[in-house]
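Subject: Structure handover

Hi,

Please open it first, then read the notes below it.

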Amino acid sequence: MLSLRPIRRFCHAFTVIASTDTTAAVLNHVQNSKPLEEPALVKLKAERDPEKLFHLFKANAHNRLVIENRFAFEDTVSRLAGAHRFDYIEHLLEHQKTLPQGRREGFIIRIIMLYGKAEMIKHALDTFYDMHLYGCHRTVKSFNAVLKVLMKTRDLGALEAFLREAPEKFNIELDIISVNIIVKAFCDLGILNRAYLLMLEMEKVGIRPDVVTYTTLISACYKDNQCEISNGLWNLMVLRGCLPNLASFNVRIQYLIDRRRAWDANKLMNVMRNIGIVPDEVTYNLVIKGFCQAGFLDMAKRVYSGLHGSGYRPNVKIYQTMIHYLCRSGDFNLAYTMCKDAMNKNWFPNIDTIHSLLKGLKKMGQPGRAQLILTLARKRVPPFSTTQLEALNTTLANS
């Protein structure tokens with residue numbers, strides 16, 4: 001709630017100034033005013049010393065603006081982990097669990113995930129097992145948080161041990177989110193058969209696979225070159241009344257592009273539109289890349305125009321793909337236009353592509369354009385290395 005105290009002080013000061021009506025009184029008031037204290041969130045973001053960061057966060061342990069700010073929490077833990085100050089992380093997070101917010105499951109889930117992000121797996125597990133000590137009710141939501149942490153460790157033994165013990169000990173029933181996390185973990189570990197069998201077993205106990213379950217398995221089978229199984233899973237998904245979503249289509253388009261089947265990928269993108277699923281930047285980037293790799297640059301340009309027509313703006317990957325292949329095909333005018341636009345957004349092609357563009361522009365008798373590209377390259381944040389910039393200078397001088 002906005003405090004009225006500063007407003008009252010301002011009104012009082014205005015009355016004093018008006019009554020005296022002198023310049024000296026105004027100057028005296030300004031000089032005696034206290035400077036505004038910098039907000040805690042700003043201080044936390046600016047602090048680079050791990051020890052000072054730790055003490056600053058600890059001093060704001062009861063500040064709701066800090067504690068309820070997810071970014072501030074995650075950023076602090078990430079930077080302390082980067083400095084290998086895991087003792088500081090433990091101190092801060094364990095202290096948070098003793099405060100009133102430690103009785104909210106949502107807050108404890110955040111603690112579990114933060115420990116996971118810092119790769120402090122035992123602390124994440126202990127937080128889940130000790131929730132009752134802080135008066136916090138434990139549900140499948142916090143159980144799923146631990147599953148996510150264990151999934152990222154790729155430790156099958158730890159995952160299986162947790163699955164054997166926790167549900168029975170705490171009377172937790174798995175839900176579809178639990179199943180999807182476990183299926184993803186099995187797929188990441190390359191045990192696709194177990195992932196598929198788990199999906200079947202869960203269906204027997206009333207947990208129906210959803211589009212995430214199918215898409216995860218389809219993607220894993222494509223990556224494992226089991227396209228027949230992926231196609232079968234796609235058909236099974238549709239027959240069960242589970243319609244594919246944007247992610248499902250992007251997975252299939254990725255597979256087609258990897259197999260140099262750009263035209264099939266483009267047809268599938270049209271199918272998406274026909275059934276009401278709008279392609280996103282990922283879809284467009286994949287199809288553009290596919291046509292570029294196959295040598296159909298005119299089709300890539302048409303898809304690029306369609307991207308703009310659909311209300312999207314090209315992202316860094318689309319710029320990088322188009323500029324690279326435009327240079328390879330000798331279309332340096334369009335490559336220059338796109339490169340300049342991308343660089344002004346601080347999006348840069350790789351150094352080899354910039355080399356090719358500079359050479360092409362020089363050969364076309366456009367040294368001014370080449371010099372502008374070089375000038376923009378020098379403004380990159382973070383900057384190119386001195387060696388890379390010297391190589392670009394040499395390219396421009398010798399071309």
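This is a predicted model: local features need pLDDT of at least 70, side-chain atom pairs count only at pLDDT 80 or more; totals for chains, interfaces and linings use all residues.

Helices H19 and H20 run roughly antiparallel to each other. The H19–H20 angle is roughly 150°, and anything over 145 degrees counts as roughly antiparallel. The axes of H19 (residues 297–309) and H20 (residues 316–329) come within 11 Å. Their crossing is left-handed.

The residues in that contact are as follows. From H19 come Leu 297, Ala 300, Lys 301, Tyr 304 and Leu 307. From H20 come Ile 318, Tyr 319, Met 322, Tyr 325, Leu 326 and Ser 329. By class, that makes nine nonpolar residues, one polar and one charged.

H4 (residues 50–59) and H6 (residues 70–82) pack at an angle of about 150°. Their axes are 10 Å apart. These two helices are therefore roughly antiparallel as well. The crossing of H4 and H6 is left-handed. H4 brings Pro 50, Leu 53 and Phe 57 to the contact. H6 answers with Ala 72, Phe 73, Thr 76, Arg 79 and Leu 80. The classes here are six nonpolar, one polar and one charged.

Leu 56 is also in H4. Is Leu 56 buried or exposed? Leu 56 is buried, because its relative accessible area is 18% and the cut-off for buried is under 20%. Leaving aside neighbours within four places in sequence, Leu 56 is in contact with Lys 43 and Leu 44. For a sense of distance, take Leu 56 and Ile 257. They are 201 residues apart in sequence and 50 Å apart in space, C-alpha to C-alpha.

**Buried positions**

In H9 (residues 121–129), the buried residues include Ala 124, Thr 127, Phe 128 and Tyr 129.

Ala 195 sits in H13 (residues 192–204). Ala 195 is buried, with a relative accessible area of 0%. Neighbours within four places aside, Ala 195 is in contact with Val 183, Phe 186, Cys 187 and Leu 217. Thr 216 is 21 residues from Ala 195 along the chain. The C-alpha atoms of Ala 195 and Thr 216 are separated by 9.6 Å.

Asn 266 belongs to H17 (residues 262–274). Asn 266 is buried, at a relative accessible area of 13%. Not counting residues up to four places away in sequence, Asn 266 touches Val 287, Phe 291, Met 299 and Val 303.

**Backbone points to check**

Two asparagines have positive phi. Phi of Asn 225 is near 60°. Asn 225 lies in the loop between H14 (211–223) and H15 (227–239). Asn 225 is exposed, with a relative accessible area of 55%. Asn 346 has a positive phi of about 65°, although it is not a glycine. Asn 346 is found in the loop between H21 (332–344) and H22 (351–363). Asn 346 is partly exposed, at a relative accessible area of 34%.

There is also a cis peptide bond. Which residues does the cis bond join? The bond joins Val 381 and Pro 382, with omega about -5°. Pro 382 is in the loop between H23 (367–378) and H24 (386–398).

Finally, the record. In the model, residues 175–209 are 74% helix and 0% strand. The end C-alpha atoms of residues 175–209 lie 10 Å apart. Residues 210–244 are 74% helix and 0% strand. For residues 210–244, the end C-alpha atoms are 10 Å apart.

Some points above fall inside the annotated spans.

Best wishes

Key
Residues are numbered from 1 along each chain as its sequence is written. Side-chain values use heavy atoms; hydrogens and water are left out. Helices (H or I, at least four residues) and strands (E, at least two) are DSSP runs, numbered from the N terminus. Axes are lines fitted to C-alpha atoms, for helices over the stretch in contact, and angles run from 0 to 180 degrees between N-to-C directions. Angles under 35 degrees count as roughly parallel, over 145 as roughly antiparallel, 65 to 115 as roughly perpendicular and the rest as oblique. A crossing is left-handed if the near helix is turned anticlockwise from the far one by less than a right angle, and right-handed if clockwise. Contact means heavy atoms within 4.5 Å. Ala, Val, Leu, Ile, Met, Phe, Trp, Tyr, Cys and Pro count as nonpolar, Asp, Glu, Lys and Arg as charged, and the others, Gly among them, as polar. Buried means under 20% relative accessible area, exposed over 50%, partly exposed in between (1.4 Å probe, protein chains only).
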